[in-house]
Amino acid sequence: MSADVSELKLLTAAFCGSKTKSYGYYYCRTNECHYKNKNIPYEKIHNAFIELLKSATPHNNLIEEAKTIFKEEWDKKWQTLREHRHRWGIEIENLNEKINKCIDQMLESEDKLLKDALNQRIADFSKRREMLLQKISEYQNYKNNFDTVFEKIVTLIKDPAGIWVSGDKEVKQMIQRIVFS
């Protein structure tokens with residue numbers, strides 16, 4: 001009996017055991033399932049999953065094609081980022097001009113309320129300018145990181161089972177998203 005993917009249900013995990021040792025297992029609660037209320041040792045499921053990950057390892061020519069596609073997308077992203085950085089630079093120059101105008105107005109004015117309002121505007125402009133400067137510095141070395149990032153991805157793609165075994169929860173979730181999209 002083959003099941004439609006939309007009909008598949010998650011297994012329930014549990015542990016039982018004695019004072020010295022516990023045993024993990026999975027079981028199915030679906031009424032129509034022939035595994036209903038039968039315990040399946042978690043080692044059996046986990047080992048089967050690792051074997052499935054091993055079978056999901058792509059061939060080298062596929063990795064080279066992926067690198068080409070990834071490089072094209074990386075370059076597009078870099079071009080977009082360069083355009084953003086250029087616009088952010090122009091906005092920083094405009095903010096500097098606005099700050100200087102506010103300072104000039106403060107020096108010319110005797111009105112305390114006007115000085116307070118100008119002080120607030122200077123603070124707002126400065127806050128925005130600092131945020132833009134931080135964004136520019138964060139993306140400073142973006143283009144140069146391609147090889148580093150791609151090597152990490154290739155390592156993950158070439159050996160998802162090995163990384164699964166040694167990875168933490170976040171890494172395992174990432175592998176699930178990539179391999180079982």
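**Entry 1: the model.** I am working from a predicted model.

**Entry 2: length of H2.** I looked up helix H2, which runs over residues 60–108. It has 49 residues, and at 1.5 Å a residue these should span 72 Å.

**Entry 3: buried side of H2.** Which residues of H2 are buried? I noted Ile63, Trp74, Trp78, Leu81 and Trp88. Further along H2, I noted Ile92, Leu95, Ile99 and Cys102 as buried too. I kept the helix repeat in mind: an α-helix has 3.6 residues a turn, so residues three or four places apart point the same way. Next I asked what the buried residues of H2 pack against. Their partners are helix H3 (112–138) and helix H4 (146–158).

**Entry 4: H2 against H3.** I looked up two quantities for this pair, since packed helices are described by the angle between their axes and the distance between the axes. H2 and H3 pack at an angle of about 160°. Their axes are 9 Å apart. That angle makes H2 roughly antiparallel to H3, because angles over 145 degrees count as such. The crossing of the two helices is left-handed. I also sorted the contact of H2 with H3 by residue class: 13 residues are nonpolar, five are polar and eight are charged.

**Entry 5: arginine 121.** I found arginine 121 in helix H3. I compared its position with cysteine 102, one of the buried residues of H2. Arginine 121 and cysteine 102 are 19 residues apart in sequence. In space, their C-alpha atoms are 7.6 Å apart.

**Entry 6: aspartate 116.** Aspartate 116 is also a residue of helix H3. I read its relative accessibility as 39%, so aspartate 116 counts as partly exposed. How far apart are aspartate 116 and aspartate 147 in space? I get 51 Å, C-alpha to C-alpha, for a separation of 31 residues in sequence.

**Entry 7: threonine 30.** I left the helices for a loop. Threonine 30 sits between strand E2 (22–27) and strand E3 (40–41). Its relative accessible area is 17%. Threonine 30 is therefore buried, as the cut-off is under 20%. I set aside its neighbours within four places in sequence and looked for other contacts. Threonine 30 is in contact with Lys9 and Lys36.

Conventions. Residues are numbered from 1 along each chain as its sequence is written. This is a predicted model: local features need pLDDT of at least 70, side-chain atom pairs count only at pLDDT 80 or more; totals for chains, interfaces and linings use all residues. Side-chain values use heavy atoms; hydrogens and water are left out. Helices (H or I, at least four residues) and strands (E, at least two) are DSSP runs, numbered from the N terminus. The expected span of a helix is 1.5 Å times one less than its number of residues. Buried means under 20% relative accessible area, exposed over 50%, partly exposed in between (1.4 Å probe, protein chains only). Contact means heavy atoms within 4.5 Å. Axes are lines fitted to C-alpha atoms, for helices over the stretch in contact, and angles run from 0 to 180 degrees between N-to-C directions. Angles under 35 degrees count as roughly parallel, over 145 as roughly antiparallel, 65 to 115 as roughly perpendicular and the rest as oblique. A crossing is left-handed if the near helix is turned anticlockwise from the far one by less than a right angle, and right-handed if clockwise. Ala, Val, Leu, Ile, Met, Phe, Trp, Tyr, Cys and Pro count as nonpolar, Asp, Glu, Lys and Arg as charged, and the others, Gly among them, as polar.
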